[in-house]
Amino acid sequence: MHPNGSALLLTPTRRRTVGMVIAAVLALVGGLLLAYPDRAGAAADPLISGGKAATSSSDESSDLGPQNAFDGDPATRWASVEGKDPQWLSVDLGATADVTRVKLSWEDAYAKAYRIEISADGTTWTRLADETAGDGGTDDWPALTGKGRYLRVYGTARATAYGYSLYEFEVYGTLGGQPPQTGAFTVVAAGDIAAQCTASDSDCAHPKTAALAKKIDPKFYLTMGDSQYDDARISDFRNYYDKTWGAFKAKTRPVPGNHETYDPAGALAGYKAYFGDIAYPQGKTYYSYDEGNWHFIALDSNSFDKSAQIDWLKADLAKNSKACIAAYWHHPLYSSGGHGNDPVSRPVWKILYGAKADLVLNGHDHHYERFAPQNPDGKAVADGITEIVGGMGGAEPYPIEEVQPNSQKRISGEYGVLKMDFTDSGYSWNYVGTDNKTKDTSPKYTCH
């Protein structure tokens, strides 16, 4: 940008543009980057807009809202109302950022003319680039220079009689104040695991998810409840769970689900007898621990109505000194599966949200699902909590029934585990199936 605030008239790189001039320019740029490698940094800057809160001037329908352009799913899209100019789509990056690149993936309803703008406060905007002859497809702006928290595409002329529509709006750069990512580690997570079957049964899934989990070889394992079906007796744990996931029991950090309460010998009797101090490291069914720059909180959602656990949680968070917070338990506040939303978790969400927690992991519904960051009332916000339902550890799958707001991806019928990657300042994950193929990849999130 010029010192006086006017914009450089940059030109986006389009996938369809081919020619001698472009080839020569790319060859020259490549040579310059080889000669001056420090100038190649922009190309390596990370995606910083994934899963962030978004707003728009209008939406064609509730299914075509602004969050769709930041969910990492190329099949979803934002669309404005038809036949009206101008229209805009904006993202809150959550912190001041140095923006170096913007990539736009247009649907058939694309912009013939638009500008890319940046703002510190979401009110006063500075132009980064102009397009006056857009032809749709993918526009890649790889050489931007701007600083701000908010970025928007401002469409001034439609190419069709319809509105404006984007599959993805990707912003690359660096968020201010991000520390070096040095304390990286991997965790495997799953819920709803051991049905009453063994590897001799070809339809038995938990031996397959255990083999996958073992192959990943994480720092430790999280289980989000219902580790053993149907009544979680100690004999069941020994006959089923122990023969598969039991291979890494010493590295497992479990929480109980509702099935662990069905034991005829007493609620949680088999669970406690099998895991012992692993499940009760602080003498309770809930506990916390640290790894790297992360504080993990393991909770018992069977007793969220008990003041003792709630008081403990508040005290635990008050003592926490880590920058990033993850919590996990069985019953999800939000779910598109058969059990659906469970309001028993809302008071805990409110406490975690007030403490700027980043991530919540749940089971109970037997499918995989990820949500955009949201607050306890289900509103997508930049400082919201990311929730994952990971109940595909081995129990019979449940179908998707009623898709909830802010749900970004849902998979039912394919068993697998979450491969969670944590750093000192953020996290991301893959949902990996028992065929060793990645079924979903999350955006990369930065801790609050």
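Q: Which element gives the largest share of the lining of the second largest pocket?
A: That is β19, with four residues. Strands here are DSSP runs of E with at least two residues, helices runs of H or I with at least four, numbered from the N terminus. A pocket is an open set of 1 Å grid points where a 1.4 Å probe fits, with protein on both sides within 12 Å along at least five of seven lines, and lining residues have an atom within 4 Å of a point.

Q: Good to know. What sort of model is this?
A: It's a predicted one, where local features need pLDDT of at least 70 and side-chain atom pairs 80 or more, while totals for chains, interfaces and linings use all residues. Residues are numbered from 1 along each chain as its sequence is written, and side-chain values use heavy atoms, without hydrogens and water.

Q: Back to that pocket: how many residues line it, and which lie nearest its centre?
A: There are 22 lining residues, and Ser62, Gln67, Asn68, Asn406 and Ser407 lie nearest the centre. The elements giving two or more residues to this lining are β2 (54-56) and β19 (407-411).

Q: Switching to aromatics, how many pairs are there?
A: The count is 33 aromatic pairs, taking Phe, Tyr and Trp (six-membered) rings with centres within 6.5 Å; planes under 30 degrees apart are stacked, over 60 edge-to-face, the rest tilted. Tyrosine 221 and tryptophan 245 make an edge-to-face pair, at 6.4 Å centre to centre with 75° between the planes.

Q: What does that pair tie together?
A: Tyrosine 221 is in strand β11 (residues 220-224) and tryptophan 245 in the loop between α4 (234-239) and β12 (252-255), so the pair links parts 24 residues apart in sequence.

Q: Are those two buried or exposed?
A: Tyrosine 221 and tryptophan 245 are both buried (under 20% relative accessible area with a 1.4 Å probe and protein chains only; exposed is over 50%, partly exposed in between).

Q: And why do tryptophan 429 and tyrosine 445 count as stacked?
A: Their ring centres are 6.1 Å apart and their planes at 15°, so the pair is stacked. Tryptophan 429 belongs to strand β21 (residues 426-433) and tyrosine 445 to strand β23 (residues 445-446), so parts 16 residues apart in sequence are tied together. Tryptophan 429 is buried at 1% relative accessibility, and tyrosine 445 is buried at 5%.

Q: Nice. Which charged end sits over the ring of tyrosine 289?
A: Arginine 253 puts its charged end there, 5.9 Å from the ring centre (the rule: Lys NZ or Arg CZ within 6 Å of the centre and within 35 degrees of the ring normal). Lysine 272 likewise sits over the ring of tyrosine 280, its charged end 4.9 Å from the centre.
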